[in-house]
Amino acid sequence: MSLILASTAGEVIVWIVWVLAGLALLASGFAVILFSNPFYSALALIANLGSLAVLYLLLSAEFVAAAQVLVYAGAVMVMFLFVIAYIGHRADEPFAGRRSLARVAAVVAATALLVEIVVVVVQDAGGRLSTSADIADSFGSPSQIGTLFLTDHLLAFEVTSIILLVGAVGGVVLGSGARRRSGDDEEESGAATVGQPPPPEAA
């Protein structure tokens with residue numbers, strides 16, 4: 001009897017953690033797109049990745065959860081925060097005049113993702129995705145993932161590293177250009193202020 005109660009209590013705890021992690025995932029995801037400050041959006045994205053790592057833990061994917069926290073919520077997001085902090089309030093300057101195109105692309109991408117999710121859910125509800133696959137005991141283990149990364153998917157792994165490096169360098173270049181333009185504008189405004197005659201004194 002005690003074993004049954006312990007098993008039931010464990011399932012209840014798992015469900016509670018799953019619901020809380022799912023709600024946190026949705027809330028942080030909405031926060032990413034609703035915050036006007038890019039710094040707060042990046043912090044919300046870190047919370048989103050952490051919530052996703054909790055869901056991976058519930059699926060017994062410990063390695064993927066650890067990689068989610070260390071690689072994405074750690075290294076990648078630290079780079080994002082560094083770039084955002086370096087650019088500061090001029091984060092939108094390199095994309096000025098192209099916001100309408102970016103919004104259209106975002107709506108198209110979100111719609112495509114929503115359609116894909118609906119199709120998968122409908123197919124799963126219809127039983128067309130219920131075919132179980134033969135999965136070995138070593139599937140998803142760190143050794144197998146490392147072997148795949150360094151053999152079959154070595155090119156994609158290295159290309160991803162190069163893309164992250166290019167993103168970091170590009171952020172620094174954009175930030176330095178924005179700072180230089182801001183300094184030039186301040187110098188021009190200061191010179192114009194110095195060159196103006198003093199206002200006439202009131203009689």
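Is asparagine 48 buried or exposed, and what is its relative accessible area? In this predicted model, local features require pLDDT of at least 70 and side-chain atom pairs pLDDT 80 or more, whereas totals for chains, interfaces and linings use all residues. Residues are numbered from 1 along each chain as its sequence is written, and side-chain values use heavy atoms, without hydrogens and water.

Asparagine 48 is buried, at a relative accessible area of 15% (buried, under 20%; exposed, over 50%; partly exposed, in between; 1.4 Å probe, protein chains only). The residue belongs to helix α2, residues 38-58 (helices are DSSP runs of H or I with at least four residues, numbered from the N terminus). Its side chain forms a polar contact of 3.2 Å with the side chain of serine 28 (N or O atoms within 3.5 Å, one able to donate a hydrogen and the other to accept it; residues adjacent in sequence count only if both atoms are side-chain atoms). With residues up to four places away in sequence left out, asparagine 48 touches Leu25, Ser28 and Gly29 (heavy atoms within 4.5 Å).

Helix α1, residues 2-34, supplies ten residues, the largest share of the nonpolar patch. Valine 19 is located in helix α1 and is partly exposed, at 38% relative accessibility.

Serine 60 is situated in the loop between α2 and α3 (62-87). Although not a glycine, serine 60 has a positive phi of about 65°. Serine 60 is exposed, its relative accessible area being 53%.

How values were computed. Helix = DSSP H or I, 4+ residues; strand = E, 2+ residues; numbered from the N terminus.
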